[in-house]
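Hello,

I am passing this structure on to you, with some notes on what turned up in it. Please have a look at the chain first and then read on.

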Amino acid sequence: MPVQLEGSCHCGAVRFKVQSSTAVPYQLCTCSICRKVAGVGGSINLGGHSKTLEILKGKDSISVYKAVMNRDTPEEHLANSERNFCSKCSSMLWLYNSQWSAFYYTLSTLFASVIDSPELKVPETMVCIKLDSKPAYVRLPEGPKEVYDNYGPLSLEGWHKEKGLFVE
């Protein structure tokens, strides 16, 4: 049975719950988008089932940002994905992409930083991705880690299944 995750923004204007089969925060993304919208170190991700997302409070306080891809180049365009955040305190909540609806998760990424309960399990190994975008001053977390210049070989679901952490 999936795990129910409950989360909120920093100011408390937004509260939500969602079911997750991949509730272990395992991946630190250091891409320029995650660093600039979530903080200098990037974002730590987990997943949730979009159809179970329930906004308990503050739906009117949620705003959406579509990231600018390939900024300042001829290939500049807006991302398809929608980064949902609190318009009052700017806490990043989750990322949604309707193009991923064929996948198990259409609420692709929850930002672990906004999950209040249950206490999230510490992964044995942190997967650090998008190091090709990480500035030198950003330090990776201590402890065992896998590092990738771009993306790692496993999806969110695949990593949880390989580690025996996927909950049906």
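The second largest pocket is lined by Val37, Ala38, Gly42, Ser43, Ile44, Ser90, Ser91, Met92, Phe111, Ser113 and Val114. Helix H1 (32-38) and strand S4 (43-48) are the elements that give two or more residues to this lining. The volume of the second largest pocket is about 160 Å³, and its lining holds 6 nonpolar, 5 polar and no charged residues.

Before going further, this is a predicted model: local features need pLDDT of at least 70, side-chain atom pairs count only at pLDDT 80 or more, and totals for chains, interfaces and linings use all residues. Residues are numbered from 1 along each chain as its sequence is written, and side-chain values use heavy atoms, with hydrogens and water left out.

You will want the terms used for the pocket. On a 1 Å grid over the protein atoms alone, a pocket is an open set of points where a 1.4 Å probe fits, with protein on both sides within 12 Å along at least five of seven lines, and lining residues have an atom within 4 Å of a point. Its volume is the space filled by probe spheres set on the points, which are joined across faces, edges and corners. Gly counts as polar.

Now the fold. The chain has 2 helices and 14 strands (DSSP runs, H or I of at least four residues for helices and E of at least two for strands).

Strand S1 (residues 3-8) pairs with S12 over 2 bridges and with strand S2 (residues 15-20) over 6 bridges, antiparallel. Glu6 has Ser117 as its bridge partner in S12 and stands opposite Lys17 in S2. The hairpin of S1 and S2 has 6 residues between the strands, and Gly12 takes a positive phi near 85° there.

As for the whole chain, buried residues make up 45% of its 168 residues (buried is under 20% relative accessible area, with a 1.4 Å probe and protein chains only). The C-alpha atoms fill a box of roughly 40 × 35 × 30 Å along the principal axes.

Best wishes

Methods
Pairing = 2+ DSSP bridges. Buried < 20%, exposed > 50% of the residue type's maximum accessible area, 1.4 Å probe, protein only.
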